[in-house]
Amino acid sequence: MTSRYRATEPSPGTRRAAEPSPAVRAAATPSPAARAAAGQPSPAARRAAAPSRRTVVKAAAGAAGTALVAAPLLAAPPVGAAEAAPAFLHGVASGDPLPDGILLWTRVTPVPEAIPGSGAGPDTPVEWTVARDRAFTDVVAKGTVTASAAADHTVKADVRGLVPATDYFFRFSAGGTDSPAGRTRTAPAADAAVPGLRFGVVSCANWEAGHFSAYRHLAARGDLDAWLHLGDYIYEYGTGQYGTRDTVVRPHAPAHEITSLADYRVRHGRYKTDPDLQALHAAAPVVAIWDDHELANDAWSGGAENHTEGAEGAWAARQAAAKQAYFEWMPVRPALAGTTYRRLRFGRLADLSLLDLRSYRSQQVAAGSGAVDDPDRTLTGRAQLDWLKAGLSASDTTWRLVGNPVMISPFAIGALSAELLAPLAELLGLPREGLALNPDQWDGYTDDRRELLAHLRSGAIRNTVFLTGDIHMAWANDVPVHAGTYPLSASAATEFVVTSVTSDNLDDAVKAPEGTVSAVAAPLIRAANRHVHWVDTDRHGYGVLDITAERAQMDYYVISDRTDPAATSAWARSYRTRSGTQRVERAYDPV
C-alpha cells in the first residue's frame, strides 16, 4: 500500500542528518514481504476520584446508574536500570514521515547511573543506520548524533534524502551495542495518486490501570502506514490517584505526582519500558499530539485543574518542563516551538491537520454555564484557528483529516427534545447548543466551533473528518452545524472518536460489569444527540482508519481485559463516511 504525507511547516531545533547519495533517491520500492512490521513481539492523596475533566463520564454514569488483577506484572526492566552500559532500554521509534525523510528516536543509557531524570552520565556518540532490508545489508543512510544529559540522553535524527512511499529499517549503535531494529515508512510524494492509507488510532493510556495490549495488537498487524496518538500518552498523577477500578495493576514511577522536569522524564522513561509500546513504536511511525495529561489534568494556557500554584511551583515552569520532556522523549517534529500543531500530507489522498488544544485555550467554565458561548473565550487561540481554516480552504486532497484531542461534536443529556431545548436555553441564558456536560471539550468553547463549522459550510469544504480521543469511549458522529435543529440542519463534517487504551471508561467509573452500563447509557445519549450514530461507553481498545478516494472507514477494536498482559482483541463495529456526504453510516465488516 502506498502512503504518507508532507509537513508544510519548517522544523527548527531538530538535527538534520547528512543526506545519502543520489542513488538512494533512485531506489525501487521494497517488495511487499519487506514491508512486514519490524516490531518485536510482546511477552505472554491528592485525588482519589476521577478528575473533573471526566464530567461526561460522571454525568452519563449518573443517568445510567439510576436504571441500573489477572496476570503478574511483565518483567520490564527497572526504570533506566542497565546491566551493562551502554544499553538501549527504552526501544526505538520513528515519527512524522515526509516524502523524503523520517524522524528517528531512541534513548541510550551510557552508564548504569544515567537513569531517566538523573542528569547523570557522559556525552555519548550514537550512530544511526537506515537500510532497505531488515538484515541491514543494503544501507542507504547513516550518521552520528550525541546523547547528553542535557536532553536526558535521548537522541533524534531527522533523516532526509529517502525515497517516497518506501519501507525502511533503522537502528542505533553506541559503544559496540546495537539497539533493536525498527521499521518505518516514508510519505508518498506530495502529488502522488495514493490508492489507500491505513492508520492505527489510539489515545488515553493509563499505566496503572492495565497493560497496553492495544499497542501489541496494532503492532502485530504489519499493515499500518503510521499510527496516530491523539493525546494522554502519559498521565501525571501519583500512584492510586487516577481511576483504576481501585486496583493498581502496575505502579507509576515516580510514585508521586509529577511536577518537575526530572519527574516528567522519569514518567516518560517508565512508559517506554512497556514491551507492547516498544513493539508498536518499532513497527510503524507515529504521529502524536498531546492532550492535557502530558502536562496536567484540564490544562489551559494559564494553569490546570490538577495544579496548585505555589505549592506545586509556578504553572509556567511546570508546563515548560512537561513540554521539554515530551519533545525529548517523543519522535515529534514541532513546526512551532512549544506546540504540537502542524500539518502533514499523504499525496493527493489526504492531509492531516494536528491540533494543540492546551497551549492557547481560555480557562474552562462550569458545566452548564452560559459562558461557554462567550466569544472572548477560545479553545484554539486566534492564530491556530486561522491556520486551521486556511489549511482546510487551501487543501487540494480528497480528505481533510483533523487530529483533534477533545470531542468537537456537541454532547448533552436532557429530557427535552433538541427542538425545545435550544429556544429554552436562549430564554434562560443557558448554552445555546444545550447543557454542555464537559466544558473541557469543544462544547465549552462554542464560538470557536461555530466559526470553524461555518467556515466549512460557507467554503463548501468537503470530506473533513475529525479524529478524536480523550473521552474514553468510542463514538461515530456527524458534526452538525446547528445541534439544536439536527438532522434538519446540515452536517459540516464527521467525527470518529476512539476509546481509551486503558484509562477508565463508564463501566469502570461506576464499577459495573462491562457492557451493562453502555446498554442503558448509549440509548440515552443517542436520544438526546441525534447526530451520534453509535457510542460504546464501556470497552477499551483502538481504531484502524482506512482511507480510499471513495470513503474513510474506522474499524473499532476492543480488548478482552486491560489487566491481562495477554489480552485478546476483537472487532466491535465499523463506520464510514462516503466522499461528498459529510455523514456517517454503518459498515458491516472491517476493511
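**Notes on the predicted model**

1. The chain's accessible surface comes to about 19100 Å², with 57% of that belonging to carbon and sulfur atoms (Shrake-Rupley method, 1.4 Å probe; for residues, only the protein chains shown count as cover). Buried residues (under 20% relative accessible area, 1.4 Å probe, protein chains only) make up 63% of the 591 residues.

2. Quick housekeeping: this is a predicted model, where local features need pLDDT of at least 70 and side-chain atom pairs count only at pLDDT 80 or more, while totals for chains, interfaces and linings use all residues. Residues are numbered from 1 along each chain as its sequence is written, and side-chain values use heavy atoms, with hydrogens and water left out.

3. The chain has 11 helices and 22 strands (DSSP runs numbered from the N terminus: H or I of at least four residues for helices, E of at least two for strands).

4. Have a look at the open sheet: seven strands, order 12-13-14-15-17-16-18, mixed pairing (two strands pair if DSSP finds at least two bridges between them). Strand 12 (342–346) and strand 18 (532–536) stand at the edges with a single partner strand each, so one side of each has no neighbour in the sheet. The twist averages 20 degrees from one strand to the next (axes are lines fitted to C-alpha atoms, for helices over the stretch in contact; angles run from 0 to 180 degrees between N-to-C directions).

5. Strand 16 (residues 474–480) and strand 17 (residues 491–497) run antiparallel, joined by six bridges. Tryptophan 475 has valine 497 in strand 17 as its bridge partner.

6. Helix 7 (residues 382–394) packs on the sheet, touching strands 12, 13, 14 and 15 (contact means heavy atoms within 4.5 Å); its direction makes about 15 degrees with that of strand 12. Helix 11 (residues 516–528) also packs on the sheet, touching strand 16 and strand 18, at about 155 degrees to the direction of strand 18.

Methods: Buried < 20%, exposed > 50% of the residue type's maximum accessible area, 1.4 Å probe, protein only.
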